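Okay, everyone, thanks for coming. Let me put today's protein up on the screen and then walk you through it.

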Amino acid sequence: MNVEIQVANEVHASYAEQICELLEISARQRGTGIARRSPDYIRRKIENGNAVIALAGHQLAGFCYVEIWSHGKYVANSGLVVAHDFRQKGLAKAIKTKAFNLARDKYPEARVFGITTSLAVMKINSELGYRPVTFSELTQDEQFWDGCHSCPNYDILMRCDKKMCLCTGMLAPSKLEEMEKKMVLDLTHMVVQVQHENQAEPAAAAA
Ligand SMILES: CC(C)(COP(=O)(O)OP(=O)(O)OC[C@H]1O[C@@H](n2cnc3c(N)ncnc32)[C@H](O)[C@@H]1OP(=O)(O)O)[C@@H](O)C(=O)NCCC(=O)NCCS
């Protein structure tokens, strides 16, 4: 069946309970925590255009939402989940890519980060340009780390003074940082060309 991936809007608010259930069941099966969110919280994300939903007809196939931290210095794509029947088909990658672009388009100055123990998510993040980092490079917003409360490993995080845990921290540059980097590369290319032309002159004169 065809799966449509789109930025969610108020039409999709009725999926909030089902999304929370899917997140809850998936977290229990993995034995790790996904920050527990209420249906109301998910509904607000959907209504504010800060979520991506995948639907096969009317059937929920997957979901992911955008969170803003440290007053817009960071964004995170959280709550990535794919319904069991739709796994291993590249759907998480497609949803995450859309959520990543949504986050960077809406918040171009914000770096994108995540923490995960999931190999699938590590692979997807790496392809999107995330790099593994220590927690010191991520948001220090207390509210973000409070989201780890529902994880069975929360005691480890606390014991390590929130400096490390079983999750890997991953960070991608903001859209602006990436654009600046591309401009520098383009300028470098131009400089190389100018040098080339200058070098060519004396040779031509000598000839
Ligand atoms: C993790 C999850 C979102 C992956 O969804 P998916 O649609 O099956 O993933 P994709 O098909 O897009 O696969 C992406 C990559 O991860 C790999 N992958 C998928 N599931 C995997 C798994 N269980 N273990 C290892 N690698 C996996 C795929 O082979 C693919 O790798 P490739 O690019 O080298 O081919 C899904 O299993 C899920 O919803 N799990 C429960 C919720 C969860 O763990 N969310 C992440 C919280 S951080």
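**Burial, shape and the ligand shell**

So, of the 207 residues in the protein, 30% are buried, where buried is 20 or more other C-beta atoms within 10 Å of a residue's own, with C-beta atoms placed from the backbone. Bear in mind that this is a predicted model: local features need pLDDT of at least 70, side-chain atom pairs count only at pLDDT 80 or more, and totals for chains, interfaces and linings use all residues. Numbering starts from 1 along each chain as its sequence is written.

On shape, the radius of gyration, taken over C-alpha atoms, is 21 Å, while a compact globule of 207 residues would come out near 17 Å. The C-alpha trace spans about 80 × 45 × 30 Å along its principal axes.

We've got seven helices and seven strands; those are DSSP runs, H or I of at least four residues for helices and E of at least two for strands, numbered from the N terminus. In order, the pattern reads β-α-α-β-β-β-α-β-α-β-α-α-β-α.

Now, which residues come nearest to the ligand? They're Ser-26, Arg-87, Ala-92, Lys-93 and Ala-120, out of 20 around it, near being a C-beta atom within 6 Å. α1 (16-30), β4 (74-82), α3 (91-106) and α4 (119-128) each give the shell at least two residues, and α4 has the largest share, with five.

Last one, Val-52: skipping neighbours within four places in sequence, its contacts include Ile-5, Phe-63, Ile-95 and Leu-102, a contact being C-beta atoms within 7 Å.

Note on methods. Two residues are in contact if their C-beta atoms, placed from the backbone, lie within 7 Å. The radius of gyration is taken over C-alpha atoms; the globule rule is 2.2 Å times the number of residues to the power 0.38. A residue is buried if 20 or more other C-beta atoms lie within 10 Å of its own, exposed if 12 or fewer, and partly exposed in between; C-beta atoms are placed from the backbone.
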